[in-house]
Amino acid sequence: MAKVEMKQPIVQEISESIKDAQSVVVVDYRGLTVAEDTQLRKELREAGISYKVYKNTMMNFAFKGTDFESLAPILAGPSAIAISKEDATAPARILAKFAKTAPALEIKAGVIEGTFYDADGMKAIAAVPSREELLSKFLGSIQSPITNLARVLNQIAEKGGAGEAAPAEAESN
């Protein structure tokens, strides 16, 4: 069997995994201990993120003609990719958080919803809260005025302030 025929399934596997991806983040994993790597894989798996190490040439072939083609220049040295199909910012968030405890992990770059971001851009993306956090903050800000109004009305009712008000005079015609 020729080498090209052996590599084709791997390129096909990468292509399939990035086909519907919202984000792909490339990291340099050199220097991670086995325990750190295992922990990182566990955290990514729990968040529904695919994380795998591939050869750079295989990723180059798979990225050609896709939104992720802009990642080709940074594929040097050992590289792993984290792929998310649901939450676009989740890989950047989890990898950046993990890199604080394991400085050997280095985020090279990524493509989030079709836009290329370098390492600094990925740090900014990692600071963006998850969709659930943003929705809960939004709902909290909407609910706050209603809750305050209900408290004020309840306090007025408890003091009996509404009953003491003089009835409005009807206009005579």
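In this predicted model, Glu13 has a relative accessible area of 35% and is therefore partly exposed. The residue pairs with Lys52 in a salt bridge, in which the closest N and O atoms are 2.8 Å apart. Because Glu13 belongs to helix H1 (residues 3–18) and Lys52 to strand E2 (residues 49–53), the bridge ties together parts that are 39 residues apart in sequence. Lys52 has a relative accessibility of 36%, so this residue also counts as partly exposed.

In one of them, the side chains of Asp37 and Arg41 meet with an N to O distance of 2.9 Å. Both residues lie in helix H2 (residues 34–46), where a spacing of 4 residues corresponds to about one turn of the helix. Arg41 is partly exposed, its relative accessibility being 29%. In the other, Glu46 and Lys42 are joined through their side chains at 3.2 Å, N to O. Glu46 and Lys42 are likewise 4 residues apart in helix H2, and so are separated by about one helical turn. An α-helix has 3.6 residues a turn, so residues three or four places apart point the same way. The accessibility of the Glu46–Lys42 pair was considered for each partner. Glu46, at 58% relative accessibility, counts as exposed, whereas Lys42, with a relative accessible area of 39%, is partly exposed.

Helix H1, which contributes Glu13 to the bridge with Lys52, was also examined for its length and packing. Val11, Ile14, Ser17 and Ile18 are the buried residues of H1. The packing partners of these buried residues are strand E1 (23–28), helix H3 (56–63) and strand E3 (80–84).

Thr89 is placed in the loop between E3 and H4. With a relative accessibility of 13%, Thr89 counts as buried, since the cut-off for this class is under 20%. The side chain of Thr89 makes a polar contact of 2.6 Å with the side chain of Arg93. Ala99 is located in helix H4 (residues 90–101). The relative accessibility of Ala99 is 21%, and this residue therefore counts as partly exposed. Between the C-alpha atoms of Ala99 and Lys159 there is a separation of 56 Å, the two residues being 60 residues apart along the chain.

A nonpolar patch on the surface is formed by Phe138, Leu139, Ile142 and Ile146. Together, these four residues present about 420 Å² of accessible area. One of them, Ile146, lies in helix H6 (residues 131–159). Ile146 counts as exposed because its relative accessibility is 58%, and the cut-off for that class is over 50%.

How values were computed:
Residues are numbered from 1 along each chain as its sequence is written. This is a predicted model: local features need pLDDT of at least 70, side-chain atom pairs count only at pLDDT 80 or more; totals for chains, interfaces and linings use all residues. Side-chain values use heavy atoms; hydrogens and water are left out. Patches are made of residues with over 30% relative accessible area and no salt bridge: like charges are joined within 9 Å, nonpolar side chains (Val, Leu, Ile, Met, Phe, Trp, Tyr) within 5 Å. Accessible areas come from the Shrake-Rupley method with a 1.4 Å probe; for residues, only the protein chains shown count as cover. Helices (H or I, at least four residues) and strands (E, at least two) are DSSP runs, numbered from the N terminus. Buried means under 20% relative accessible area, exposed over 50%, partly exposed in between (1.4 Å probe, protein chains only). Contact means heavy atoms within 4.5 Å. A polar contact is a pair of N or O atoms within 3.5 Å; within protein, one must be able to donate a hydrogen and the other to accept it, and residues adjacent in sequence count only if both atoms are side-chain atoms.
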